[in-house]
Amino acid sequence: MVAQNWVCGKCGFVAVDLFPPKRCPKCGSDRKNFKSKGEYYIPDDKIDDIIRVCGKVSYGLYLVSSVDGDKINGQICNTLFQITSNPPRFAIGINHGNLTHDYIVKSGVFAASILGEDDQRIVRRFGYRSGRDFDKFKGITVLTGETGCPVLKNAVGYIECSVLQDKTVDAGTHSIFIGNIVGVKLLNDKTPMTYAYYSKVKNS
Ligand SMILES: Cc1cc2nc3c(=O)[nH]c(=O)nc-3n(C[C@H](O)[C@H](O)[C@H](O)COP(=O)(O)O)c2cc1C
């Protein structure tokens, strides 16, 4: 599942998560009042089972970045995985409405910085608001990869990919971009952050 924006139909609160919250943290209204901004729809009689089972799927957390000329942007992404070994290719799932999506379509490149368990602040900065509203990279120390994409100096490491245009999949709310690896580097010896770890720490 992909984290997305769930809007409370009663008070307008926006929750970013894999699923709508059980209760709205702002007005207390029930999960069924939450709607996704996209076309995503879960039937009421299936949602508890879907949450129970899909919640067992493990993910890492990454800062996916891209460029548009001399502009840079990035977002948090849990839907990244190596899809083939020969040649080594990665796939990412990115919402059509995200600024990062626009940049990847225009430039044909993306980078994924592998976040460490100490990168909670990065998730809060890059995962909940769009680069259309503020400069997310302002004050963040970055390196520039071979593709020109910014990567976090303090990340565990990074992977840079060149998108295979003919292999991009329109999956509904999200595009699946598949790319050949064109650059990689291990930067720090720290523990990579999983989605489960982030959720536990965030809610503690
Ligand atoms: C933990 C977490 C995981 C996320 N995973 C994804 C993802 O896999 N794909 C996606 O499109 N958005 C994901 N998002 C949401 C984007 O990071 C978010 O919508 C971001 O504000 C988009 O920024 P942009 O418009 O600057 O590109 C995730 C957010 C969080 C907090």
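## Ligand surroundings

In this predicted model, an oxygen atom of the ligand is 3.1 Å from a polar backbone atom of arginine 129; a polar contact is a pair of N or O atoms within 3.5 Å, and within protein one atom must be able to donate a hydrogen and the other to accept it, with residues adjacent in sequence counted only if both atoms are side-chain atoms. A nitrogen atom of the ligand lies 2.9 Å from a backbone N or O atom of glycine 93. The side chain of threonine 79 places an N or O atom 2.8 Å from an oxygen atom of the ligand. Of the 650 Å² of accessible area that the ligand has on its own, the protein covers 97% (Shrake-Rupley method, 1.4 Å probe; for residues, only the protein chains shown count as cover).

The elements that give two or more residues to the shell around the ligand are strand S5 (71–77), strand S7 (89–95), H2 and helix H3 (120–127). Helices (H or I, at least four residues) and strands (E, at least two) are DSSP runs, numbered from the N terminus. With five residues, S5 gives the most to this shell. The ligand is surrounded by 26 residues, and the closest are Thr79, Asn95, Thr100, Ser130 and Gly131; a residue is near the ligand if one of its heavy atoms lies within 4 Å of it.

## Salt bridges

The whole structure contains ten salt bridges, each defined as a side-chain nitrogen of Lys or Arg within 4 Å of a carboxyl oxygen of Asp or Glu. Among them is a network that links Asp68, Lys71 and Lys106. Aspartate 68 is buried at 17% relative accessible area, lysine 71 is partly exposed at 44%, and lysine 106 is exposed at 56%. Buried means under 20% relative accessible area, exposed over 50%, and partly exposed in between (1.4 Å probe, protein chains only).

A further salt bridge joins the side chains of aspartate 48 and arginine 31 (3.2 Å, N to O). Aspartate 48 belongs to helix H1 (residues 47–54) and arginine 31 to the loop between strand S2 (14–17) and strand S3 (34–36), so the pair ties together parts that are 17 residues apart in sequence. Aspartate 48 is partly exposed, at 44% relative accessible area, whereas arginine 31 is buried, at 15%.

## Serine 65

Serine 65 lies in strand S4 and is buried, with a relative accessible area of 0%. A polar atom of the serine 65 side chain is 2.6 Å from the backbone oxygen of proline 150. Leaving aside residues up to four places away in sequence, serine 65 touches Asn73, Gly74, Val109, Phe110, Ala111, Phe137, Cys149 and Pro150, where contact means heavy atoms within 4.5 Å.

## Cysteines

The structure holds zero disulfides, a disulfide being a pair of cysteine sulfur atoms within 2.5 Å. The closest cysteine sulfur to that of cysteine 8 is in cysteine 27, and the 3.8 Å between them is too far for a bond. For cysteine 27, the closest cysteine sulfur is in cysteine 11, at 3.7 Å, also too far for a bond. Cysteine 8 is buried, at 2% relative accessible area, while cysteine 27 is partly exposed, at 39%.

## Basis of the values

Residues are numbered from 1 along each chain as its sequence is written, and side-chain values use heavy atoms, with hydrogens and water left out. As the model is predicted, local features need pLDDT of at least 70 and side-chain atom pairs count only at pLDDT 80 or more, while totals for chains, interfaces and linings use all residues.
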